[in-house]
Amino acid sequence: MHVTLFAIVLALVFEIVSPIPRVAVTAKGRALYMAHCSRCHGPEAIGDGPDAAFLRARVVDLRRTDVLDAYSERTLVQRVLGQKRMGLEFRPESIARQAAETEAIYRFVRTMPSVRWQAVENGAETYYARCTPCHDRYGHPERALPPGVEHEPRDLSSLSFEDGISDAELRDLVRHGRGRMPALVPRLGEREAADLVRFVRLLSPGYELYDRFCSSCHGFRGEGAVGALLMRPSPQFAFDGSYFRKRSSDEVRQAIWHMLEDKTPSMPHFRETLSVPEVQAILVYLRSLSALPRNSSGDRLE
């Protein structure tokens, strides 16, 4: 009996002091950060994400200011989950650019009715956790290579890459590696690899534009009114088969053009997307990052 009691106590002590639970939380926090925060705050959390230039207010640098230390965890969690929205400015540089982006979004939304979304979302979770260090959120790598990577990773969103590799070859590549691409360790199972491939196949200029400017209102799956569309009276529709049967391709393109030209997207907050423990995991991850020299920008949470 004494041996059994000792074993239980020892197990409890080990669980308390073991770094494994915190490592797992940090890894989960990183995956959630890359999925929900990096597009504004950047992959390194310094405020240089791809959407930062579209915000009227400067994005907070989370590593070179005292934001994470200046506020309680409760305040930070409430701020992330809050309903206050920061407006985005989107000004296409030219008519040609707007036309190209309209066409890219159209091509992407037109594929939505045939996508197996549950498999894609499973694959997205794997991608954000395992692939973003090299390929970033949208498949095209950052200029600065991650530690230990000597050659620039492939652009997974490029048409030449998508056309030049089959699903079977891509599954084999992520499981076993080839050339400059190392195998993912621990190795992915067959189902995990198949789901990851389904997500990678979505990566494209149209997917990136949709995710950045449309998904906060129309949903990741194009499922209908979410986010900002719930805050005001708006047409209720989903990008499903019925939607495309009732509208010509030119009508859909015109609606996309109108959105890019006249609508003001907004940066979403995450009351309906993230739970309190998930936001706390993101904070654990951010606080695990190495400190950077402080600046005097005076960034504050509004």
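Both Phe108 and Tyr210 are buried in this predicted model, where buried means under 20% relative accessible area, exposed over 50% and partly exposed in between, using a 1.4 Å probe and protein chains only. Their ring centres sit 5.4 Å apart with the planes at 50°, so the pair counts as tilted. Phe108 belongs to helix 6 (residues 95–111) and Tyr210 to helix 12 (residues 205–213), so the pair links distant parts of the chain, 102 residues apart. Helices here are DSSP runs of H or I with at least four residues, strands are E runs of at least two, and both are numbered from the N terminus. As for the ring criteria, Phe, Tyr and Trp (its six-membered ring) pair if their centres lie within 6.5 Å; planes under 30 degrees apart are stacked, over 60 edge-to-face, and the rest tilted. By that count the structure holds 14 aromatic pairs.

Tyr127 and Tyr128 make another of these pairs: with centres 6.1 Å apart and planes at 75°, the arrangement is edge-to-face. Both tyrosines are buried. Phe108, Tyr210, Tyr127 and Tyr128 are members of one aromatic cluster, which also takes in Trp117, Tyr138, Phe199, Tyr207, Phe220, Phe239, Tyr243 and Phe244.

Some housekeeping on the numbers: residues are numbered from 1 along each chain as its sequence is written, and side-chain values use heavy atoms, with hydrogens and water left out. Since the model is predicted, local features need pLDDT of at least 70 and side-chain atom pairs count only at pLDDT 80 or more, while totals for chains, interfaces and linings use all residues.

Back to helix 12, which is mostly covered, with 8 of its 9 residues buried. Among them are Gly206, Tyr207, Leu209 and Phe213, along with the charged residues Glu208, Asp211 and Arg212. Arg212 and Glu208 form a salt bridge, their closest N and O atoms being 3.3 Å apart; the term covers a side-chain nitrogen of Lys or Arg within 4 Å of a carboxyl oxygen of Asp or Glu. These two residues are 4 positions apart in helix 12, which puts about one helical turn between them. Asp211 pairs with Arg39 instead, at 3.9 Å between the closest N and O atoms. Arg39 lies in helix 3 (residues 38–41), so this bridge ties helix 12 to a part of the chain 172 residues away in sequence. Both Arg39 and Asp211 are buried, and together with Arg137 they are linked in a network of salt bridges. The overall count comes to 12 salt bridges.

Another bridge joins Glu103 and Arg253, at 2.7 Å from N to O. Glu103 is in helix 6 and Arg253 in helix 15 (residues 249–262), 150 residues apart. Glu103 is partly exposed at 26% relative accessibility, and Arg253 is likewise partly exposed at 24%. Arg253 also lies over the face of Tyr106, 3.9 Å from the ring centre (a charge sits over a ring if NZ of Lys or CZ of Arg is within 6 Å of the ring centre and within 35 degrees of the ring normal).

Turning to the nonpolar cores, the term means a set of buried Ala, Val, Leu, Ile, Met, Phe, Trp, Tyr and Cys residues joined through side-chain atoms within 4.5 Å. The largest has 42 residues, and Val109 and Tyr127 touch the most other members. Elements giving two or more residues to this core include helix 6, helix 7 (117–130), helix 12 and helix 15. Leaving aside residues up to four places away in sequence, Val109 touches Tyr210, Phe239, Phe244 and Ile256, contact being heavy atoms within 4.5 Å. Another core, of 21 residues, lies apart from the largest one and has Leu68, Val77, Val279 and Tyr285 among its members.

A cis peptide bond, with omega about 0°, joins Val185 and Pro186, and Pro186 is found in the loop between helix 10 and helix 11. Ala45 has a positive phi of about 65° although it is not a glycine; this alanine lies in the loop between helix 3 and helix 4 and is buried, at 1% relative accessible area. Asp136 also has a positive phi, near 60°, and sits in the loop between helix 8 (132–135) and helix 9 (159–163). At 7% relative accessibility, Asp136 counts as buried.
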